[in-house]
Amino acid sequence: SQTYHKGTVYNLGWAPLLDNKKAFLYSCGGYHIFIHNPSKLDREAKNFNRILSELPGSMKGQQYPSRTEFQWKADYSLLAVGNEDGSVEIYSGSNLSLVTIIIAHKKLIQCLRWHPSFTFQSPEASDFGNWLAVASNETSIKGICIIIC
């Protein structure tokens, strides 16, 4: 890719970008999330914070926290973004609008994982499909249920 992180890359994931249904490569490292178009790796990747600042209704000049982790829900309906300050932002997968901010920890978020939508225990959808596990530089792991009305 033409764009690279200044530090270690800690997370990679494939997901759509806004209304575009094809898969883009999301990467997180050096406190930034970049979104790479695999068919145009010779071009600069998009900075997640810059995309947010260009969306309709966004506040110009808004300062975003340092990004340390991200995790898409399996159906791409929600994106969880972990930050250096211990907060977790939940975005709508369809338009990247901010749904909520959760103060999960006081230290840097290391890992986010959505509970699987389905498990081997049942052919039915999991009752825990809206649960997000959050781990940080603290000693505890927190489970948070995200219900979108």
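1. Arg113 and Glu69 form a salt bridge, with their closest N and O atoms 3.3 Å apart. The term salt bridge is used here for a side-chain nitrogen of Lys or Arg within 4 Å of a carboxyl oxygen of Asp or Glu. Arg113 belongs to strand β9 (residues 109–114) and Glu69 to strand β5, so the pair ties together parts that are 44 residues apart in sequence. Strands, like helices, are DSSP runs numbered from the N terminus (a strand is E, at least two residues; a helix is H or I, at least four). Arg113 is partly exposed at 42% relative accessibility, whereas Glu69 is buried at 3%. Buried stands for under 20% relative accessible area, exposed for over 50%, and partly exposed for values in between (1.4 Å probe, protein chains only).

2. A word on the source of these values. This is a predicted model, in which local features need pLDDT of at least 70 and side-chain atom pairs count only at pLDDT 80 or more, while totals for chains, interfaces and linings use all residues. Residues are numbered from 1 along each chain as its sequence is written, and side-chain values use heavy atoms, with hydrogens and water left out.

3. The structure holds two salt bridges. Besides the pair in point 1, the side chains of Arg67 and Glu89 meet in a salt bridge at 2.4 Å, N to O. Arg67 lies in strand β5 and Glu89 in strand β7, so this contact ties together parts that are 22 residues apart in sequence. Arg67 is buried, at 1% relative accessible area, and Glu89 is buried too, at 6%.

4. Strands β5 and β7 belong to an open sheet of four strands, in the order β5-β6-β7-β8, with antiparallel pairing. Two strands count as paired if DSSP finds at least two bridges between them. At the edges stand β5 (67–72) and β8 (98–103); each has a single partner strand, so one side of each is left without a neighbour in the sheet. Neighbouring strands of this sheet are turned by 20 degrees against each other on average, direction ignored. For such angles, axes are lines fitted to C-alpha atoms (for helices over the stretch in contact), and the angles run from 0 to 180 degrees between N-to-C directions.

5. Within this sheet, strand β6 (residues 78–83) and strand β7 (residues 87–92) are joined by five bridges in the antiparallel sense. One of the residue pairs is Gly82 with its bridge partner Val88 in β7. As background, strands of a sheet pair through backbone hydrogen bonds, either parallel or antiparallel.

6. Ile103 is exposed, at 68% relative accessible area. Together with Leu98 and Ile101, Ile103 forms a nonpolar patch on the surface, with about 310 Å² of accessible area for the three. Patches are made of residues with over 30% relative accessible area and no salt bridge; like charges are joined within 9 Å, and nonpolar side chains (Val, Leu, Ile, Met, Phe, Trp, Tyr) within 5 Å. Accessible areas come from the Shrake-Rupley method with a 1.4 Å probe, and for residues only the protein chains shown count as cover.

7. Four strands form another open sheet, ordered β1-β2-β3-β4 and paired antiparallel. Its edge strands are β1 (9–17) and β4 (46–47), each with a single partner strand, so one side of each is left without a neighbour in the sheet.

8. The pairs in this sheet can be followed from β1 onward. β1 and strand β2 (residues 20–29) pair over seven bridges, and Trp14 stands opposite Leu25 in β2. These two strands form a hairpin with two residues between them, and Leu18 in the turn has a positive phi of about 50 degrees. Five bridges join β2 to β3. The hairpin of β2 and β3 also has two residues between the strands, and there Gly30 takes a positive phi near 60 degrees.

9. Strand β3 (residues 32–36) and β4 pair over two bridges.

10. How many disulfides does the structure hold? A search of the whole structure finds zero. A disulfide would be a pair of cysteine sulfur atoms within 2.5 Å. The cysteine sulfur closest to that of Cys28 is in Cys111, 11 Å away, too far for a bond. Cys28 is buried at 1% relative accessibility, while Cys111 is partly exposed at 28%.
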